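Me: Got a model open and want to talk it through. Can you keep it plain?

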Amino acid sequence: MDTGERRLVATMPLHAITSAYGEEGLRARFATEIEAWPEADQRRLNQALTLAGRLHAADRREREPYVNHLLRVAIRIMSHYGVHDGDVVCAALLHDAVEDHAAELAPDGTRAAALAALAEEFGPRVAGLVAAVTNPEYAPGRDAHGQYREHVAESLRRDPWARVIKASDFTDNGVALIYATGPRLHRLAGKYAPLVPVLRELIALPDTPLGAPARERILTQLGQAADRFAAILPADGPGAATRSRDP
């Protein structure tokens, strides 16, 4: 990208960058976001991005490389939420690493070993944040979506910074539904719609480490996500009771 394009992507909405410039544009925006950080932090963040890119190199998310999702989650935390905490941004980039690629992180392929590998490379706090937003290995015989919501509520109530990562992740997932079609669209809406009131409550907790503008931004986006789910799901389907617009 030339200098003018780099200046442009520094001001564009994240999904507009994705549409116009793809992964290259998101990487340029990420570089812009961290260019004023201390050099040691920049090296660490780029190290996390390199690892995330390697682990998810073959992964796709609808029509795009999966790393685009990870970049948007991390950039949103810095640019939209005003967070300048290297551990949180590293964990945002790596938030799906253990869930999706434990075997590449650790020889025995267990999640515990994969988290230990992340702790060794990036520190225990990064590993702890990744663990907090990693979906559980679901127990058979129980509704997986219900277990997912229980995990989110319990884990994020304990860890305020993990809430921030999950809010950005959820925002990106909600926006991405406009690119899904067919049965997958309804399945994802059914999964995410009941999570809206859970996240609304968690973000409103006084220990959520964000300023008022960032909180209001997230609550507005949750309301928009609820509207999108309501347009997808039948009136009596999953999440029907959660569709009131946020104030």
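Me: How much of the chain is buried?
Reply: Buried residues are 51% of the 247 in the chain, where buried means under 20% relative accessible area, exposed over 50% and partly exposed in between, with a 1.4 Å probe and protein chains only. This is a predicted model, where local features need pLDDT of at least 70 and side-chain atom pairs count only at pLDDT 80 or more, while totals for chains, interfaces and linings use all residues. Residues are numbered from 1 along each chain as its sequence is written, and side-chain values use heavy atoms, leaving out hydrogens and water.

Me: OK, what about helices and strands, how many?
Reply: The chain has 13 helices and two strands. Those are DSSP runs numbered from the N terminus: helices are H or I with at least four residues, strands are E with at least two.

Me: Which residues touch the most others in the largest nonpolar core?
Reply: Phe-30, Ile-77, Tyr-81, Leu-94, Leu-118, Phe-170 and Phe-229 do, out of 75 residues in that core. A nonpolar core here is a set of buried Ala, Val, Leu, Ile, Met, Phe, Trp, Tyr and Cys residues joined through side-chain atoms within 4.5 Å.

Me: And which helix gives the largest share of this core?
Reply: Helix α4 (residues 66–79), with nine residues.

Me: Switching to charges. How many salt bridges are there?
Reply: A search of the whole structure turns up 13, counting a side-chain nitrogen of Lys or Arg within 4 Å of a carboxyl oxygen of Asp or Glu.

Me: What does Arg-61 pair with?
Reply: One partner is Glu-64, with the closest N and O atoms 3.9 Å apart. Asp-172 is another, at 3.6 Å. Arg-61 sits in strand β1 (residues 60–61) and Asp-172 in helix α10 (residues 160–176), so that pair ties together parts 111 residues apart in sequence.

Me: Are Arg-61 and Asp-172 buried or exposed?
Reply: Both are buried, and Glu-64 is buried too.

Me: What about Asp-169, which residue does it bridge to?
Reply: Lys-166, with the closest N and O atoms 3.4 Å apart. Asp-169 counts as buried because its relative accessibility is 6%, and Lys-166 does at 5%.

Me: Which residues end up in one network through shared partners?
Reply: Arg-61, Glu-64, Arg-72, Arg-76 and Asp-172 are joined that way by salt bridges.
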